[in-house]
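Subject: Structure handover

Hello,

Here is the structure you asked about. Please open it first, then read my notes below with the view beside you.

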Amino acid sequence: MLRRRCTTISVLAALACLVTLLGVAPVATAADGAAATKHARKHQFHKKKAPKVTRTVGHPPANAAVRPGVVFNYPNRSRNEQTAIRRRVLNTIKSTWGGRRDRLHAAHSSNGTIRIATWTFRDMAMARALYAAHRRGVSVQVIAAKDPNNGSGPWRWLRKRLKTRLYHVGHRETANRWSFARTCRGSCRGRGGTPHSKYFLFHNVGSRHRSTITMQTSMNLTSMAYEGQWNEATTTWKSSVYHQFYDVFRESRLDRPVSDSYRHYTSGGFQTFFFPRPRTTAGYDPVMTALSHVHCTGHTKIRIVQYAIYDARGVWIAKRLRALWNAGCDIKIIFSAMNRPVFSILHARSGRGAVPMKQSVVRNGFGDIVKYNHNKWMAITGHWGTSTKAYLVFSGSSNWGNLAFSCDEQMQQIKSYAYTRPHLVAFGKTWRQSSSHAPRPGPIDPGARGVPQDLPETLTFGEGVYKYMTED
């Protein structure tokens with residue numbers, strides 16, 4: 001009996017070893033399954049829960065600080081190219097840090113800030129983004145023109161929520177930490193004119209908490225600015241440039257004339273000009289000053305994209321360009337609006353003949369201009385000043401007409417290959433488009449030396465072929 005039992009045990013042990021070697025799992029019994037289920041239930045409430053993700057107060061919903069450089073938008077190309085500038089502004093607003101507020105409900109000084117100066121504001125997505133920034137603790141301050149924004153739903157919506165007070169009542173020390181949306185009756189820093197500047201200032205942006213971001217542009221905050229206009233924007237992270245703009249903004253938000261409203265700042269390769277400066281003459285026009293340093297030896301190029309060239313200012317700039325053309329400079333001009341006196345100077349057949357020009361507009365079936373090039377810049381390469389290999393770009397919000405001298409305007413001159421080169425590329429791209437064509441929009445006036453009949457003697461926006469265009 002003992003021998004049989006030992007034999008049985010040996011056989012079972014051998015089978016167990018064989019199962020192990022073959023990797024065959026033992027068959028679980030019903031009792032085993034019940035025990036496992038009971039064990040799982042017993043321990044399922046003891047599993048560690050995933051830790052909650054806590055967001056810092058004022059954390060922005062995006063992380064896209066606009067980088068230094070130049071960008072252009074094209075209304076007649078893809079949606080991405082149409083909204084290139086707008087997306088950068090919108091994403092940077094959404095990337096600005098907020099934070100807690102003090103007992104007066106003013107943002108703490110460590111919170112992010114957004115400062116915007118624009119002529120027109122008609123963009124609801126922009127309004128909502130600015131209000132959302134304010135709600136997370138960003139100090140948001142926006143200045144716009146009074147009359148052009150009458151009837152603007154997005155502007156009315158934003159003003160209702162941000163209000164118009166400069167600071168908490170009785171606490172002027174909150175002025176730089178408050179939020180508002182205000183208008184200027186005329187120019188913010190002068191008498192008459194209009195607040196025509198277009199710039200955006202950002203502090204504390206993105207995961208790296210970028211400060212002193214300045215974007216100066218020709219673009220207003222409207223759908224027309226990307227659906228119906230060509231525009232340009234220049235961005236820098238230079239602290240000195242940011243504070244120059246900020247100082248002017250602080251004056252502008254008061255909507256009060258200042259004794260010396262004209263500003264000219266120099267910082268490295270950057271020169272920044274702020275108007276108004278009423279009764280400016282050719283000798284004090286920054287555009288003329290830039291052109292006065294041009295020499296037409298070697299291969300000097302001047303490329304201009306300007307929305308409107310007219311009035312006495314347009315005439316003196318045209319005369320200088322004409323002289324440089326006759327002296328041998330390589331000049332090409334793209335424009336949208338021009339009056340007869342300016343066109344006659346540039347199109348004259350004397351000397352080297354007419355300066356090469358194209359009008360960059362889109363017309364409807366009645367010949368009215370419904371889309372137009374709203375850029376306001378000039379690029380110079382070659383012999384400028386003492387340099388024979390200069391790269392210079394001059395851009396901003398100013399049209400080349402007399403009104404600019406009475407308005408709040410910003411203009412910037414930058415000596416830099418990195419900033420000038422993109423303008424040259426954009427010029428070539430625009431020059432070749434089908435929307436850019438020789439300025440022959442109508443019958444030629446035989447008594448005006450080849451001037452198209454529908455170019456007015458005095459350019460008046462809102463009339464004739466320019467009836468859908470404004471002094472923006």
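**Salt bridges**

The count of salt bridges comes to 12. Keep in mind that this is a predicted model. Here are some of the pairs to look up.

Start with D123 and R86. They form a salt bridge, and their closest N and O atoms are 2.7 Å apart. D123 sits in the loop between β3 (121-122) and α5 (124-135), while R86 belongs to helix α4 (residues 84-94), so the pair ties together parts that are 37 residues apart in sequence. Are these two residues buried or exposed? Both D123 and R86 are buried.

Next, find D330 and R303. Their side chains meet in a salt bridge, at 3.2 Å from N to O. D330 is in strand β13 (residues 330-338) and R303 is in strand β12 (residues 301-309), so this pair ties together parts 27 residues apart in sequence. D330 and R303 are both buried.

Now turn to K467 and D368. This salt bridge has an N to O distance of 3.6 Å. It links distant parts of the chain, 99 residues apart. K467 lies in the segment after β21 (451-452). D368 lies in the loop between β14 (357-363) and β15 (369-373). How do the partners sit? K467 has 39% relative accessibility, so it counts as partly exposed. D368 has a relative accessible area of 9%, so it is buried.

One more group is worth a look. R77, E81 and K429 are linked in a network of salt bridges.

**Pockets**

The largest pocket holds about 300 Å³ of space. How many residues line the largest pocket? The number is 17, and K301, R303, T381, R421 and L424 lie nearest its centre. Four elements each supply at least two lining residues: β12, β16 (376-384), β17 (387-396) and α12 (417-431). Helix α12 gives the most, with six residues. By class, the lining has six nonpolar, five polar and six charged residues.

The second largest pocket has a volume of about 190 Å³. It is lined by 14 residues, and the closest to its centre are S109, T113, N176, H203 and Y246. Which helix gives the largest share of this lining? Helix α8 (residues 239-252) does, with three residues. The lining of this second pocket divides into three nonpolar, 10 polar and one charged.

Best wishes

Key. Residues are numbered from 1 along each chain as its sequence is written. This is a predicted model: local features need pLDDT of at least 70, side-chain atom pairs count only at pLDDT 80 or more; totals for chains, interfaces and linings use all residues. Side-chain values use heavy atoms; hydrogens and water are left out. A salt bridge is a side-chain nitrogen of Lys or Arg within 4 Å of a carboxyl oxygen of Asp or Glu. Buried means under 20% relative accessible area, exposed over 50%, partly exposed in between (1.4 Å probe, protein chains only). On a 1 Å grid over the protein atoms alone, a cavity is a set of points where a 1.4 Å probe fits but cannot get out, and a pocket is an open set with protein on both sides within 12 Å along at least five of seven lines; lining residues have an atom within 4 Å of a point. Grid points are joined across faces, edges and corners, and a volume is the space filled by probe spheres set on the points. Ala, Val, Leu, Ile, Met, Phe, Trp, Tyr, Cys and Pro count as nonpolar, Asp, Glu, Lys and Arg as charged, and the others, Gly among them, as polar.
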